[in-house]
Amino acid sequence: MKTWRPAQLSRGRQTLVHDGLAVEYAPGRIAAADLAATPAMRARLVCPLLPDGSTPATLTAAWIYTGWWPPSRLKRLCAAHPTSRHHCVVYRAQLEEEYSRELGGFTVPTTARTAFDLLAIEEPGVAVECVIRLLRSGLNPEDLLLHSKRERRRRGGPFARKAAKALKTYIEETK
């Protein structure tokens, strides 16, 4: 797998990313764009960089599914870990098997779990934009609503449930 480090690229790095020939997948790390063309390929780039026992979360999980990172946010790795607070870990959470799937040989949260986490944790504007992009990448609004009903005690849950209901209603009304 061809990846480049900043020292190897000097001033050419920004040009490659700007021209769409390369993609920054973690702070200071870029790869040829065709190596990040699918969710499985993006998972293979990012997941090995996460702490042992953690899974991608929030913006990183959304990037794996969509290939999009909010321009208002600095690129950083976001992970959930069941027991530790490593420097790149956003929060601690248990990822049940029903809310995870294998992608590129790594365990990642489902699109519904990713969308719920974004709505519960991230700034609302960024979260909603990510969820819209997840819809284009296969998120089923019914799955998001079902997941939001299961996460009753979660911090940020009330907003996430309201957003999931509103999204489902909007999609039904615009069909």
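## A salt bridge within a helix

At 45% relative accessibility, Glu172 counts as partly exposed. Here buried means under 20% relative accessible area, exposed means over 50%, and partly exposed lies in between (1.4 Å probe, protein chains only). This is a predicted model: local features need pLDDT of at least 70, side-chain atom pairs count only at pLDDT 80 or more, and totals for chains, interfaces and linings use all residues. Residues are numbered from 1 along each chain as its sequence is written, and side-chain values use heavy atoms, without hydrogens and water.

Glu172 forms a salt bridge with Lys168, with the closest N and O atoms 2.2 Å apart. A salt bridge is a side-chain nitrogen of Lys or Arg within 4 Å of a carboxyl oxygen of Asp or Glu. Lys168 is buried, at 17%. Helices (H or I, at least four residues) and strands (E, at least two) are DSSP runs, numbered from the N terminus.

## A network across loops

The count comes to 9 salt bridges. Glu122 forms one with Arg73, at 2.6 Å between the closest N and O atoms. Glu122 lies in the loop between α5 and α6, and Arg73 in the loop between α4 and β5, so the pair ties together parts 49 residues apart in sequence. Glu122 is buried, at 9%. Arg73 is partly exposed, at 23%.

Arg76 and Glu122 also meet in a salt bridge (3.8 Å, N to O). Arg76 is partly exposed, at 38%. Salt bridges link Arg73, Arg76, Glu122 and Glu123 in a network.
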